Amino acid sequence: MATSALRLENVDAFYGDSHVLQNVSFELGEARMLGLLGRNGAGKSTCMNVGMGLLSARRGEVSVFGEPVTKLSPEMIAARGVALVPQGRRIFRSLTVRENLIVAARKPDAGSKHAPWTIDTVFAMFPRLKERSNQMAAHLSGGEQQMLAIGRALMGNPRVLLMDEPSEGLAPQIVAEVMTTIRKLKESGLSIVLVEQNPNLVFDVADDIVILNTGGVAVVSTPAALRQDDALLRQHLGVF
Amino acid sequence: MNFWIVLTVNSITFGGLLFLLASGFSLIFGLMRIPNLTHGSLFMLGAYVGGSIVIGLFGFKLNFWLAAVLASLTVAALGALIERFLLRQLPGDQLAQVLVTLGISFMAADFCLMVWGGDPMSVATPEGLGGFARAGGAVFPLYRLAIIAIAVVVAVALWLLLDRTRLGAMIRAGVDDPDMARVVGIRVSQLFTIVFALGAGLAAFAGIIGGPILSVYPGLDQDMLPLALLVVIIGGAGSLLGSFVGSILVGFIYNFGQALLPELAYFVLFLPMLLVLLLRPQGLFGRHVP
Ligand SMILES: Nc1ncnc2c1ncn2[C@@H]1O[C@H](COP(=O)(O)OP(=O)(O)OP(=O)(O)O)[C@@H](O)[C@H]1O
Ligand SMILES: [Mg+2]
């Protein structure tokens, strides 16, 4: 049996007293892309936070390539090859573009098949970042900030990439650019969780789909099957 | 005329000393989100330890500058120990951490009283700097000019460290968004130790450098701590430029206030703090609301 790149098993998570994730289980296969869908407040970002160690699961287990990481800190999980492109981008605003990338640099794991990401390969992928390399990140446009957030995650040479609503708040043309990038990353063999509100964006690129509803897993399926099932989508994602 | 020039030089000198004290305080505040209430004690401890080495109280004597470096390194090591073995045990609990620093400051005050007694210790001006420089009819004490030069050199060095190195960028990333810094793999807790030790060392250095001007006495810690707090609130936590501008500003307000309105010195001193808190709570150059 192939080990999964990321697995959540019966995870319960709380913010203070509020019970946000209930018995959540899903897995991301190696070199696959999992689309994670759900309405506002369904618990998508919370799943990403649990995967990254920003919030620790009160019950259940999280593992990366078969190794448990449930109680590890974010920096230790990052060291195991998980990177996050967070919702809202959260670039370091008072650092320059170049510094944002440099602080996140991590050597690839021994035996990694891929050419490592470096500041040069990130700049090659996002030429616009290169042009602005010495500008304060706070002064970038929304699209550029999203590219920087993706580039920063790649600098960690991750094996697992968690992307939380990378299209949020971007013009359609920029969204298309970002989706092209995501497709390339998938082709490079990276295992990716893509969180989105808009299922159509995800259906084009993902291999598997998980839909969350009020903190629990409601649907585990594939894009092909879900495209045929408007009723199910409407039930869990609302009208669109 | 002369009076104003002297007052101005004294203000800048005092501002320079404050910068040495407050730059570390501000970095710690920006990164760890706590006002380090031992900062005044570290200043006083640096002054006592350095002064004792200069006069040979510990059985050996060094010249002023070597004593200053040795005292700073000693107190920096103490700072690292405080962070690693006390504050580290209370992760995320900022109130508890502040209370720990408050407790240590009281203990340090008692410790100093026991070891060095209640009489002020005077520290001689380092050799060769006891004289005066004359320019256009005004006289300037050389040592005060030296303090200003030292503060500028330290400011430039800190700026290079924070602005031109990867470590500095990591520290700034931690000030910006500590959780995100950890997500990209930065070991923020290690930065805490480094920054705390650096801040402690700088505070001690300020203490001994300030010795020949302020002398060293019980209560020096509690005289200095509010001023550091003032600088950080005015300048903005975590901002080096803020510490610099804030220190010079407080240096001027403190000296001019005492000279011109001695009954209202503290009123004049803390009024700008209230204004900044009301009008620009993140400070002149800060990004966070402390
Ligand atoms: N820091 C927090 N403290 C308390 N409750 C929170 C916190 N963050 C999120 N929640 C709550 O947890 C639930 C899940 O939030 P989460 O951010 O995971 O949703 P989401 O699916 O990512 O939504 P969106 O699409 O709006 O980003 C929501 O009810 C939210 O109000
Ligand atoms: Mg979200």
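**View 1. Salt bridges across the predicted model.** Over all chains, the structure holds 17 salt bridges. A salt bridge here is a side-chain nitrogen of Lys or Arg within 4 Å of a carboxyl oxygen of Asp or Glu. Side chains of opposite charge can pair when their charged atoms come close. This is a predicted model: local features need pLDDT of at least 70, side-chain atom pairs count only at pLDDT 80 or more, and totals for chains, interfaces and linings use all residues; side-chain values use heavy atoms, with hydrogens and water left out. Residues are numbered from 1 along each chain as its sequence is written, while chains are lettered from A and ligands numbered from 1 in the order in which they are written.

**View 2. Arg90(A) and Asp177(B) form a salt bridge.** Their closest N and O atoms are 3.0 Å apart. Arg90(A) lies in the loop between β6 and α3 of chain A, and Asp177(B) in the loop between α6 (166–176) and α7 (178–183) of chain B, so the pair joins two chains. Helices (H or I, at least four residues) and strands (E, at least two) are DSSP runs, numbered from the N terminus. Arg90(A) is partly exposed, at 33% relative accessible area. Asp177(B) counts as buried, at 14%. Buried means under 20% relative accessible area, exposed over 50%, and partly exposed in between (1.4 Å probe, protein chains only).

**View 3. Arg132(A) forms a salt bridge with Glu144(A).** The closest N and O atoms are 3.1 Å apart. Arg132(A) sits in the loop between α5 (127–131) and α6 (142–155) of chain A, and Glu144(A) in helix α6 of chain A, so the pair ties together parts that are twelve residues apart in sequence. Arg132(A) is partly exposed, with a relative accessible area of 23%. Glu144(A) is buried, at 6%.

**View 4. Arg106(A), Asp109(A) and Arg159(A) belong to one network, joined by salt bridges that share partners.** Between Arg106(A) and Asp109(A), the closest N and O atoms are 3.5 Å apart. Arg106(A) is partly exposed, at 21% relative accessibility. Asp109(A) is also partly exposed, at 28%.

**View 5. Ser45(A) and Gln87(A) coordinate the magnesium ion (ligand 2).** The donor atoms are OG of Ser45(A) and OE1 of Gln87(A), at 1.9 to 2.1 Å. The pair links distant parts of the chain, 42 residues apart. Ser45(A) is in helix α1 (residues 44–52) of chain A, and Gln87(A) in the loop between β6 (82–85) and α3 (97–102) of chain A. Donors are N, O and S atoms within 2.8 Å of the metal (3.2 Å for Na, K and Ca); water is not among the atoms, so sites may look incomplete. Ser45(A) is partly exposed, at 21%. Gln87(A) is partly exposed, at 30%.

**View 6. Four strands of chain A form an open sheet in the order β2-β1-β4-β5.** The pairing is antiparallel. Two strands pair if DSSP finds at least two bridges between them. The edge strands, β2 (18–29) and β5 (67–68) of chain A, each pair on one side only. Five bridges join β1 (residues 4–15) to β4 (residues 59–64) of chain A. Leu8(A) has Val62(A) as its bridge partner in β4(A).

**View 7. Strands β1(B) and β2(B) form a hairpin.** Four bridges join β1 (residues 132–135) to β2 (residues 138–141) of chain B, and the two strands run antiparallel. Ala135(B) has Ala138(B) as its bridge partner. Two residues lie between the strands. In the turn, Gly136(B) has a positive phi of about 55°.
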